Amino acid sequence: MTKATARKLGEPKLPEREPAWLAPERQKVDLQLWVRLLACGHAAEQRVKNRIKEQFGINQTQFNLLSQLDRAPEGIRMGEVARRTVVTGSNVTAVVDDLEQRGLVLRQTAEGDRRATVITLTESGRNAFAQMAPIHADWIEEIFAEMPKQDKRDLIHGLDGLKAAMRATLSKSL
């Protein structure tokens, strides 16, 4: 007698079940939300990221840093740049190096703390970002153009609720 035959005769038959990848009913809505958030976020991010590279010659991280610096005329400390742009410390140096070589940002020693470095926009950086920002805003508007204004407001409200709910289970970084 083979092992397969012995198993068929001696072991009780396991109950039929749905495949493991099928979620229980209680999880389906959560999984649908997760997939839609990922899909929408990824599609929008890829579209904007590619356009930033093609039209401005910089990457999205560099654009985000220019945006942060535009809102902080007094500059941002290097350590704070990492937190604001969600870039690791070692990568911040490379991002800032490239922007500095392009003449868009300037590094200076922080007033009162020689150990800290503050990044500011140069005049050229401020002018470049002033040209980029409205083009970028048009791309974002284009992404959401087919969505009614009230639906956008409702989605923002719903995402605010999601953010608040996630704070209860995730870190306070949201």
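How many bridges join strand E2 to strand E3, and which way do the two strands run? There are 6 bridges, and the strands run antiparallel. Keep in mind that this is a predicted model.

Let's stay with that pair. E2 covers residues 105-110, and E3 covers residues 113-121. Together E2 and E3 make a hairpin, with 2 residues between them. Look at Gly112 in the turn. Its phi is positive, about 85 degrees.

Now the core. The largest nonpolar core holds 26 residues. Leu66 and Val105 have the most contacts inside it. Which elements give two or more residues to this core? They are helix H2 (25-56), H3, helix H4 (78-85), helix H5 (89-101), E3 and helix H6 (123-143). As a general rule, nonpolar side chains in soluble globular proteins tend to be buried together.

Zoom in on Leu66. Setting aside residues up to four places away in sequence, Leu66 touches Ile58, Leu99, Leu104, Val105, Leu121, Phe129 and Met132.

Next, helix H3. This helix is mostly covered, with 8 of its 11 residues buried. Among them are Phe63, Leu65, Leu66 and Leu69. At the start of H3, a side-chain oxygen of Asn59 comes to within 3.1 Å of the backbone nitrogen of Thr61.

Last stop: Gln68, in H3, residues 60-70. Is Gln68 buried or exposed? Gln68 counts as buried because its relative accessible area is 18%, and the cut-off is under 20%. Beyond its neighbours within four places in sequence, Gln68 is in contact with Ile76 and Arg84.

Notes
Residues are numbered from 1 along each chain as its sequence is written. This is a predicted model: local features need pLDDT of at least 70, side-chain atom pairs count only at pLDDT 80 or more; totals for chains, interfaces and linings use all residues. Side-chain values use heavy atoms; hydrogens and water are left out. Helices (H or I, at least four residues) and strands (E, at least two) are DSSP runs, numbered from the N terminus. Buried means under 20% relative accessible area, exposed over 50%, partly exposed in between (1.4 Å probe, protein chains only). Contact means heavy atoms within 4.5 Å. Two strands pair if DSSP finds at least two bridges between them. A nonpolar core is a set of buried Ala, Val, Leu, Ile, Met, Phe, Trp, Tyr and Cys residues joined through side-chain atoms within 4.5 Å. A polar contact is a pair of N or O atoms within 3.5 Å; within protein, one must be able to donate a hydrogen and the other to accept it, and residues adjacent in sequence count only if both atoms are side-chain atoms.
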